[in-house]
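Me: Got a model open here and want to talk through it. Can we start with how some of the helices pack?

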Amino acid sequence: MNEYTILMHLLTRTKQGISNDKLDIIGASVEELCDNLHFTGKFAKIQLHELMDQFSKAISIFNLQLKQNPFNFRWYLTQSSEIEEIFNSNPFNGKPRIAATLCTVLSLCLTNSGKIDINSVKKIRNKKDIIKDLHELEKSNFIIMEKKSNQISINPNLGYYLDIEGFLNLLENEIRKKNL
Amino acid sequence: MSQLISLLERISFLKNQVLIGKKSLLDEDLESLFVEFKNLISESELETSIQIMNNGTIILEHKLEELRGFISLISQKNQILEYFKNSSSDEALAKIFNKIWQSPLSLPHFSLSFLTKSFERLVLNKKSSNLNIIFKDKPILANLDIRELPEIDKPYKMKMFEYLNSIHPILPGTLDDLINNNHSIDVYYENFSYILHLLQLGYLSFTKNTQLFDFTNKKIEGKSDE
């Protein structure tokens, strides 16, 4: 067994979450990686990043990428978005309305320190039965709805499936195009 | 001209383009420049390296400023609100997801010990037995005679035919006759799998009415007529 074997195991494992939603947590945190690899001391994180750098190059031939979930900061492995595009594997194929609602919620959450009011989504989307869309997104574990406070936030689970940086870049390009 | 000086010239050119506002750094791949610099740095050309570092820090400073600008653009709620309010269709927004959707690789049911044991069984055992003998002293890239490649199923076939020979005296017989119950559970299932294969390959026949297995006339592969 070598360090790559340990990394592969930790980055592809799932374990049940502690919170009430009991969602599976994928991958590993920096602390968990260092603990399992026995990297200790001042340079533990540098050592880890060097190893992950080599590892990501080694797995790139399989079209796998090493990524960090921006919502819970866990490292995990994923296939490149090009592959997903080829195979149309996103769950919104044939459901553009749900995708558009998620797109709106995500953008609003990212620019409003994480939480938004349900009414703000209703106003922007301006469609009937928007609550149905939100419930479907909640069921798919992409958003969290707080009924008492009428607020929505992003479920960290979404961070595994969306390239957030890519999303912001595309959004910025679209806004630029419109402003030109 | 050394590679380091060539790099210095490229970085200086980029810096000047940025300073006069001709180039945006947002889409510029700085990482490859710094990786190249990291690989070329040497004690003998310390002065050039320092100049590159000097220009590099200026470029980084500008990149950070541009990023800050980008973030502030994104954080301008009004622009985003306007964009979503005026967006042409749901389809246009949904298209964004096609480009950025990814699936995490998850192996939830395989424990580390399972993977290690599988690796030992599938790779190490095979390597240590037939393959080493067959490929011994032969260069990997040599023109291998294809007939010399090992047949993965050969040992199984051999065992299967040995089993067929061993049950010869008790045929025709029932399933209980053929599977020796005195053996361990592993051998029991092994013998059972031979019977299934022998039936499928046509070496054994089964009569439903009598529940008896018997030989067929099919000859065992590789055996000459006796």
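Me: How are α5(A) and α7(A) oriented to each other?
Reply: This is a predicted model, and in it helix α5 (residues 96-111) of chain A packs on α7(A) at an angle of about 80 degrees. Roughly perpendicular covers 65 to 115 degrees, so α5(A) and α7(A) are roughly perpendicular to each other.

Me: And how far apart are the axes of α5(A) and α7(A)?
Reply: The axes of α5(A) and α7(A) are 10 Å apart.

Me: Which residues of α5(A) and α7(A) meet?
Reply: On the α5(A) side you have A:Arg97, A:Ile98, A:Thr101, A:Leu102 and A:Val105. From α7(A), they meet A:Ile130, A:Asp133, A:Leu134, A:Glu136 and A:Leu137. By class, that contact of α5(A) with α7(A) comes to six nonpolar, one polar and three charged residues.

Me: OK, now α6(A) against α7(A). At what angle do those axes cross?
Reply: Helix α6 (residues 118-125) and helix α7 (residues 130-139), both of chain A, have axes that cross at roughly 120 degrees and come within 10 Å. The roughly perpendicular range stops at 115 degrees and roughly antiparallel needs over 145, so α6(A) and α7(A) count as oblique to each other.

Me: Left-handed or right-handed, that crossing of α6(A) and α7(A)?
Reply: The crossing of α6(A) and α7(A) is right-handed.

Me: What meets what between α6(A) and α7(A)?
Reply: α6(A) brings A:Ile118, A:Val121, A:Lys122 and A:Arg125, while α7(A) brings A:Ile130, A:Ile131 and A:Leu134. By class, the contact of α6(A) with α7(A) has five nonpolar, no polar and two charged residues. A:Ile130 and A:Leu134 of α7(A) also turn up in the contact with α5(A).

Me: Where does A:Arg74 lie?
Reply: A:Arg74 lies in the loop between β3 (64-68) and β4 (75-79) of chain A. Its relative accessible area is 10%, and buried means under 20%, so A:Arg74 is buried.

Me: What is A:Arg74 in contact with, sequence neighbours aside?
Reply: Leaving out residues within four places in sequence, the contacts of A:Arg74 include A:Arg13, A:Lys15, A:Glu32, A:Lys67 and A:Tyr160. A:Ile25, A:Ile26, A:Gly27, A:Ala28 and A:Ser29 are among them too, as are A:Gln68 and A:Asn69.

Me: Zooming out, how many helices and strands are there in chain A?
Reply: Chain A has nine helices and seven strands. Of its 180 residues, 45% count as buried, and chain A exposes about 9,900 Å², with carbon and sulfur atoms supplying 52% of that.

Me: What does the secondary structure of chain B come to?
Reply: Nine helices and two strands for chain B. Of the 226 residues of chain B, 23% count as buried. The accessible surface of chain B is about 16,200 Å², and 56% of it belongs to carbon and sulfur atoms.

Me: What about contacts in chain B between residues 24 or more positions apart?
Reply: Taking contacts in chain B with a separation of 6 or more, residues 24 or more positions apart account for 56% of them. The corresponding figure for chain A is 52%.

Me: Where is B:Ile41 found?
Reply: B:Ile41 is in the loop between α2 (30-40) and α3 (46-74) of chain B. B:Ile41 counts as partly exposed at 45% relative accessibility. Neighbours within four places in sequence aside, B:Ile41 is in contact with B:Leu4 and B:Ser49.

Me: Which peptide bond is cis, by the way, around B:Pro172?
Reply: The one from B:Leu171 to B:Pro172, with omega near -5 degrees. B:Pro172 lies in the loop between α7 (154-166) and α8 (175-178) of chain B.

Me: Last one: where's B:Gln211?
Reply: B:Gln211 is in the loop between β1 (204-207) and β2 (212-215) of chain B. Phi of B:Gln211 is positive, about 60 degrees, although the residue is not a glycine. With a relative accessible area of 43%, B:Gln211 is partly exposed.

Definitions and conventions:
Residues are numbered from 1 along each chain as its sequence is written. Chains are lettered from A and ligands numbered from 1 in the order in which they are written. This is a predicted model: local features need pLDDT of at least 70, side-chain atom pairs count only at pLDDT 80 or more; totals for chains, interfaces and linings use all residues. Side-chain values use heavy atoms; hydrogens and water are left out. Axes are lines fitted to C-alpha atoms, for helices over the stretch in contact, and angles run from 0 to 180 degrees between N-to-C directions. Helices (H or I, at least four residues) and strands (E, at least two) are DSSP runs, numbered from the N terminus. Angles under 35 degrees count as roughly parallel, over 145 as roughly antiparallel, 65 to 115 as roughly perpendicular and the rest as oblique. A crossing is left-handed if the near helix is turned anticlockwise from the far one by less than a right angle, and right-handed if clockwise. Contact means heavy atoms within 4.5 Å. Ala, Val, Leu, Ile, Met, Phe, Trp, Tyr, Cys and Pro count as nonpolar, Asp, Glu, Lys and Arg as charged, and the others, Gly among them, as polar. Buried means under 20% relative accessible area, exposed over 50%, partly exposed in between (1.4 Å probe, protein chains only). Accessible areas come from the Shrake-Rupley method with a 1.4 Å probe; for residues, only the protein chains shown count as cover.
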